[in-house]
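Reader: I have a structure to go through and some questions about it. Can you put it up?

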Amino acid sequence: MNNHVFLDTDTVLDLAISSRKGHRAAIELLDAVENDSLRASVCATDLPNVSSELEGFMGADDALLYMQALVEALDVATVDEAVCKQALALGEGGFSTRVLQVCAEKANADYVITSNPQAFKKSNIKAIDAAKFIHLQAQ
């Protein structure tokens with residue numbers, strides 16, 4: 001196991017917004033990243049959506065500071081034409097979900113951390129929500 005996970009947009013938002021249901025588990029993930037026991041990645045294409053959501057929630061200046069810290073803490077997977085073509089060829093599910101799936105598979109990640117594991121049912125990589133992942137790691 002590589003101890004490498006990919007985070008979807010909702011999980012990244014859970015990190016930033018304490019009122020969200022998944023906040024506590026997302027913070028535990030971040031703690032594991034900061035302790036070097038877990039490597040976490042996000043897709044570059046998800047970051048503009050995260051930033052936009054955070055600007056509405058915390059204001060542009062704080063959102064920018066948060067995004068800077070996020071990019072420092074997590075790996076950012078690039079998305080190029082080849083990734084987009086592979087994602088389109090998957091043919092099922094939303095495009096952003098397919099892009100994340102391709103990036104996670106290319107990186108040989110262990111899990112996709114998502115609030116919607118069903119969206120990744122055709123993936124070669126197991127999808128799981130943050131709380132269940134934390135529970136598995138504690139065993």
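**Pockets, sheet and rings**

Author: The largest pocket is lined by Thr11, Asp14, Arg20, Lys21, Gly22, Ala25, Thr114, Ser115, Asp129, Ala130 and Ala131. A pocket here is an open set of points on a 1 Å grid over the protein atoms alone, where a 1.4 Å probe fits, with protein on both sides within 12 Å along at least five of seven lines; lining residues have an atom within 4 Å of a point. This is a predicted model, where local features need pLDDT of at least 70 and side-chain atom pairs count only at pLDDT 80 or more, while totals for chains, interfaces and linings use all residues. Residues are numbered from 1 along each chain as its sequence is written, and side-chain values use heavy atoms, with hydrogens and water left out.

Reader: What volume does the largest pocket have?

Author: About 230 Å³. A volume is the space filled by probe spheres set on the grid points, which are joined across faces, edges and corners.

Reader: Which helices supply at least two residues each of that lining?

Author: Helix H1 (9-16) and helix H7 (130-138). Helices are DSSP runs of H or I with at least four residues, strands are runs of E with at least two, and both are numbered from the N terminus.

Reader: And how do the lining residues of the largest pocket divide, nonpolar, polar and charged?

Author: There are 3 nonpolar, 4 polar and 4 charged residues. Ala, Val, Leu, Ile, Met, Phe, Trp, Tyr, Cys and Pro count as nonpolar, Asp, Glu, Lys and Arg as charged, and the others, Gly among them, as polar.

Reader: OK, what volume does the second largest pocket have?

Author: About 200 Å³. Of its 13 lining residues, Asp8, Thr9, Asp10, Ser96 and Thr97 are the closest to the centre. H1 and helix H6 (95-106) each supply at least two residues of this lining, and the largest share, 3 residues, comes from H6. By class, the second largest pocket is lined by 3 nonpolar, 7 polar and 3 charged residues.

Reader: Switching to the sheet. In what order do the 5 strands come?

Author: The order is S3-S2-S1-S4-S5, in an open sheet with parallel pairing. Two strands pair if DSSP finds at least two bridges between them. Strand S3 (75-77) and strand S5 (126-128) are the edge strands, each pairing on one side only. From one strand to the next the twist averages 30 degrees, taken between the N-to-C directions of lines fitted to C-alpha atoms, on a scale from 0 to 180 degrees.

Reader: Over how many bridges does S1 pair with S2?

Author: S1 pairs with strand S2 (residues 39-43) in the parallel sense over 3 bridges, and valine 5 stands opposite alanine 40 there. S1 also has 3 parallel bridges to S4, where valine 5 stands opposite tyrosine 111. Strand S4 (residues 111-113) in turn pairs with S5 over 3 parallel bridges, with valine 112 opposite alanine 127.

Reader: Are the side chains of strand S1 buried or exposed?

Author: His4 and Phe6 on one side and Val5 and Leu7 on the other are all buried, and both faces of strand S1 (residues 4-7) are covered. Buried means under 20% relative accessible area, exposed over 50%, and partly exposed in between, with a 1.4 Å probe and protein chains only.

Reader: How many aromatic pairs does a search of the whole structure find?

Author: It finds 1. The ring centres of tyrosine 111 and phenylalanine 133 are 5.2 Å apart and the planes are at 70 degrees, so the pair is edge-to-face. Rings of Phe, Tyr and Trp (its six-membered ring) pair if their centres lie within 6.5 Å; planes under 30 degrees apart count as stacked, over 60 as edge-to-face and the rest as tilted.

Reader: Which elements hold tyrosine 111 and phenylalanine 133?

Author: Tyrosine 111 lies in strand S4 and phenylalanine 133 in helix H7, so the pair ties together parts that are 22 residues apart in sequence. Both tyrosine 111 and phenylalanine 133 are buried.

Reader: Last topic, backbone. What is phi of aspartate 36?

Author: Near 60 degrees, a positive value in a residue other than glycine. Aspartate 36 is in the loop between helix H2 (23-34) and S2, and counts as exposed at 71% relative accessibility. Asparagine 108, also not a glycine, has a positive phi of about 60 degrees, and its place is in the loop between H6 and S4.
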